[in-house]
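Open the model in your viewer and keep the selection tool ready. The tour goes from stop to stop, saying what to select and what is there.

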Amino acid sequence: MGLLAAAATLGLAGCAKDPAPESTFVLLDGARQSTADLKGKVTLVNFWATSCTTCVAEMPQIVATYNQYKGKGYDTLAVAMSYDPPAYVVNYAETRKLPFKVAIDNTGAVAKAWGDVQLTPTSYLLNKKGEIVKRYVGQPDFAELHQLIEKLLAEA
């Protein structure tokens, strides 16, 4: 934990940005997407679960943020945790009409690669180069998140 806390502190101080971990995301439709596919857009990678009340509570704001910035080069990828029953994830995504890509981390390998994510929600904001700019554990401050998205969208 000490190393992760130190890494989080470094990230907040705006020091060296870490490239997002190489991983393959399996989307609900069976398509695959890799970390490399996220480059070129500012992307929020959100680890969540249907059983997580904070995740469910923040989802409308994640959707609103996506809808606000999607036309400007912003994307969202919601990664359901390995313990989340796939049928629940599909049902949630369909009934809530989630407008972004949803992946299921069947094996837990994606969460492990991204710093052994265990607490949900945990979100990572990536810049256009595919580097992690900020990590949020718990619900982000959406006003602050929007400012950061705008700043990153303005970068070349």
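Start by selecting C52 and C55: a disulfide joins the two, with an S to S distance of 2.3 Å. A disulfide here is a pair of cysteine sulfur atoms within 2.5 Å, and by this rule the count comes to one disulfide. Look along the S-S bond: the angle about it is 85°, and the link of C52 and C55 is right-handed. Both C52 and C55 are buried, a word that stands for under 20% relative accessible area (1.4 Å probe, protein chains only).

This is a predicted model, in which local features need pLDDT of at least 70 and side-chain atom pairs count only at pLDDT 80 or more, while totals for chains, interfaces and linings use all residues. Residues are numbered from 1 along each chain as its sequence is written, and side-chain values use heavy atoms, with hydrogens and water left out.

Next, select strand β7, residues 122-126, and find S123 in it. Strands are DSSP runs of E with at least two residues, numbered from the N terminus. Is S123 buried or exposed? S123 is buried, at a relative accessible area of 0%.

Now show the side chains of S123 and N46, which make a polar contact at 2.8 Å. A polar contact is a pair of N or O atoms within 3.5 Å; within protein, one must be able to donate a hydrogen and the other to accept it, and residues adjacent in sequence count only if both atoms are side-chain atoms. Leaving out residues up to four places away in sequence, S123 touches L44, V45, N46, K134, R135 and Y136, where contact means heavy atoms within 4.5 Å.

Terms used
Helices (H or I, at least four residues) and strands (E, at least two) are DSSP runs, numbered from the N terminus. Buried means under 20% relative accessible area, exposed over 50%, partly exposed in between (1.4 Å probe, protein chains only).
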